[in-house]
Amino acid sequence: MFYPSFKYCPFCGEHIPQQNIVKFCSFCGGKLLFIDNKSQKIQSDENIIFQDKLRLEHMIKIHDEHPEINIDGYNKVNLDKFIQSEYYSIILKDVSNKQRLIQKLEKVLLRGSFAIQLAVDNIPSIIIYKTKGYDIPFLNKIFIEEHASVSIVPGDFNTKPDVEEVFNGFDRFSIKTQKIIKSLPINLWLGDIICGIFPNNYKENNEGIVVITDKNIYFIPNEIYINTNRWFVRSYSLLSKVIIQDNCLLLIDKGMNVTSIAFADQQKLADAYQCINHIVQRCK
């Protein structure tokens, strides 16, 4: 049955899906009591106007406070740092075209084709282990060209950490969040410092967790379906800008492709934006 009374949530103002009967708002969790009569519709329409006004005022405030994050300067500073350590390792987290990356790496790495193929096929993996610092800008350029998300780690590091070592205060997360994180390969987090975790968000209608680190932005879906990737990751080295639009965090890469992550909680959206901004500003 179609209920015209609630096109928008009366609590948070978000749009309610119209294809199905919805008893709870998927954004704020508010319980929706459907009464199919004319008076309820009038009240609901008045509430929509009020909520839209509040939402508009709130979003104007967010846009004024958070216009955009330009990441180009951050990437340049990071590249300049690569001569400061004797050697570096590179952990491969994601790549758009595995075969093309393999072909490029075969031309510049000393290891055999089979070893390169194995490392790329088993993402996330340590694709380069302790190479000289002066080689990193050239190698990093290859990963950027192939739209590969990586973490570049100076010096020694723990190649087999426990999840509790990676995520400070892991035991304080919800049981659901702990379970999702533990289901992922630990190599996914190698080389990263976790800066923020934000559950209950959406990418392409999949609910999941946003994890922000000093090198990457991750989206981990709660449930894995046939056409669902186990994780999405975008390195800052691939991004040009991060902006807020409506209730979404938009990740804009250097080719102007946009990845949108919707936040159910506007305050969490602002917190995530500030977390990324702090990382970028700290390195300038």
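1. Helix axes here are lines fitted to C-alpha atoms over the stretch in contact, with angles taken from 0 to 180 degrees between N-to-C directions. On that basis, in this predicted model, the axes of helix α3 (residues 98–108) and helix α5 (residues 136–145) come within 10 Å and cross at roughly 165°. Angles over 145 degrees count as roughly antiparallel, and α3 and α5 are therefore roughly antiparallel to each other. The crossing of α3 past α5 is right-handed.

2. On the α3 side, the contact with α5 is made by Leu101, Lys104, Leu105 and Val108. Helix α5 contributes Phe138, Leu139, Ile142, Phe143 and Glu145. By class, the residues of this contact comprise 7 nonpolar and 2 charged, with no polar ones.

3. Glu146 sits in the loop between α5 and β4, while Lys104 belongs to helix α3, so the pair links parts that are 42 residues apart in sequence. Over the whole structure, the search finds 10 salt bridges.

4. Helix α3 has a further helix contact, with α4. The axes of α3 and α4 come within 10 Å and cross at roughly 145°, and this crossing is right-handed. From α3, the residues involved are Lys98, Gln99, Leu101, Ile102, Leu105 and Glu106; from α4, they are Ser113, Ile116, Gln117, Val120 and Asp121. The contact of α3 with α4 divides into 5 nonpolar, 3 polar and 3 charged residues. Leu101 and Leu105 of α3 are listed in the contact with α5 and again in the contact with α4.

5. The sheet is open and consists of 3 strands in the order β3-β2-β4, with antiparallel pairing. Strands β3 (125–132) and β4 (149–154) are at the edges; each has a single partner strand, so one side of each is left without a neighbour in the sheet. On average, neighbouring strands of this sheet are turned by 20° against each other, direction ignored.

6. Within the sheet, strand β2 (residues 87–94) pairs with β4 over 6 bridges in the antiparallel sense. Ile91 stands opposite Ser151 of β4.

7. Which strands does helix α4 (residues 113–121) lie across? Helix α4 lies across β2 and β3, and runs at about 125° to β3.

Conventions
Residues numbered from 1 in each chain as written. Predicted model: local features only at pLDDT ≥ 70, side-chain atom pairs only at ≥ 80, totals over all residues. Heavy atoms only, no water. Pairing = 2+ DSSP bridges. Helix = DSSP H or I, 4+ residues; strand = E, 2+ residues; numbered from the N terminus. Contact = heavy atoms within 4.5 Å. Parallel < 35°, antiparallel > 145°, perpendicular 65-115°, else oblique. Left-handed = near helix turned anticlockwise from the far one by under 90°. Nonpolar A, V, L, I, M, F, W, Y, C, P; charged D, E, K, R; others polar. Salt bridge = Lys/Arg side-chain N within 4 Å of Asp/Glu carboxyl O.
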